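Here are my notes on the model you asked me to look over. Have it open beside you while you read.

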Amino acid sequence: LAPRMELSNFYSLFSNGFGMFKTRGSAIIETDVADVYRMYRPAFPGRLVPTTVQSPPLGDGDAVDALALDNEQGQWLLLANRGAQASVSIALAGFGDGRPQVVAMSSDDPQARLAPIDIAVDDRAIVLPPLTLARLHWSVS
């Protein structure tokens, strides 16, 4: 099935409404989703690490999403503050040793493209502004 699967994967990338690429005639346009995939890609594949999230409410769910993974490169924590109004402080107890490397993207408008931002972090906590995605990485020593 490899040739068919390859075609299916390309079809999904270009034709899926949520895909990373769109076609406009003969032009191929990269969407905002590609930036998110690039940010998260180094953490995968990985082993899921159980994580406890205590988050402010947002509609019927939580404002904060978190996913922790271990792989050969170290420990990863992927975070999202989906709330558009308030920053959230996230405790980093139990994750890695020392200060993690941080890559983050944010926007003031839920409909706008996310842009890279700098976020202050120490070995105990990180504050995520509204509408922010972050990747924290503790390298293997």
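The numbered points below go from the overall layout to single residues.

1. Ground rules. This is a predicted model, in which local features need pLDDT of at least 70, side-chain atom pairs count only at pLDDT 80 or more, and totals for chains, interfaces and linings use all residues. Numbering starts from 1 along each chain as its sequence is written, and side-chain values use heavy atoms, with hydrogens and water left out.

2. Overall layout. The protein has two helices and twelve strands, in the sequence pattern α-β-β-α-β-β-β-β-β-β-β-β-β-β. Helices (H or I, at least four residues) and strands (E, at least two) are DSSP runs, numbered from the N terminus. Of the 141 residues, 32% are buried; buried means under 20% relative accessible area, exposed over 50%, and partly exposed in between, with a 1.4 Å probe and protein chains only. Among contacts (heavy atoms within 4.5 Å) with a separation of 6 or more, 55% are between residues 24 or more positions apart. The accessible surface is about 9300 Å², with 56% of that belonging to carbon and sulfur atoms; the areas come from the Shrake-Rupley method with a 1.4 Å probe, and for residues only the protein chains shown count as cover.

3. The six-stranded sheet. Follow the order S3-S6-S7-S12-S9-S10 and you have an open sheet with antiparallel pairing. Strands pair here if DSSP finds at least two bridges between them. S3 (47-49) and S10 (115-117) are the edge strands, each with a single partner, so one side of each has no neighbour in the sheet. From one strand to the next the twist averages 25°. S9 and S12 are antiparallel over six bridges, and Ser 106 sits opposite Thr 132 of S12.

4. Helix H2 on the sheet. H2 (residues 33-40) lies across S7 (74-81), S9 and S12, at about 20° to S12. Axes are lines fitted to C-alpha atoms, for helices over the stretch in contact, with angles from 0 to 180 degrees between N-to-C directions. Which residues of H2 are buried? They are Ala 34, Asp 35, Val 36 and Met 39, and the buried residues of H2 pack against S2 (27-30), S9 and S12.

5. Cores. A nonpolar core is a set of buried Ala, Val, Leu, Ile, Met, Phe, Trp, Tyr and Cys residues joined through side-chain atoms within 4.5 Å. The largest one has 17 residues, and those touching the most other members are Leu 77, Leu 79, Ile 90, Leu 92, Ile 126, Leu 128 and Leu 136. S6 (64-71), S7, S8, S11 (125-128) and S12 each give two or more residues to this core, and S12 has the largest share, three residues. A second, separate core has five residues, including Met 39, Ala 80, Met 105 and Leu 133.

6. S11 and Ile 126. S11 pairs with S8 in the antiparallel sense over four bridges, with Ile 126 as the bridge partner of Ile 90. Beyond its neighbours within four places in sequence, Ile 126 has contacts that include Leu 79, Val 102, Ile 119 and Leu 136.

7. The aromatic pair. There is one in the structure. The ring centres of Phe 95 and Trp 138 are 5.7 Å apart with the planes at 15°, so the pair is stacked. The rule takes rings of Phe, Tyr and Trp (its six-membered ring) with centres within 6.5 Å; planes under 30 degrees apart count as stacked, over 60 as edge-to-face and the rest as tilted. Phe 95 is in the loop between S8 (88-91) and S9 (101-106) and Trp 138 is in S12 (residues 132-139), so the pair ties together parts 43 residues apart in sequence. Both are buried, Phe 95 at a relative accessible area of 11% and Trp 138 at 4%.

8. Backbone spots to check. Most residues other than glycine have a negative phi, and most peptide bonds are trans. Phe 44 and Pro 45 are joined by a cis peptide bond, with omega about -10°; Pro 45 lies in the loop between H2 and S3. Leu 131, in the loop between S11 and S12, has a positive phi near 50° and is buried at 16% relative accessibility.
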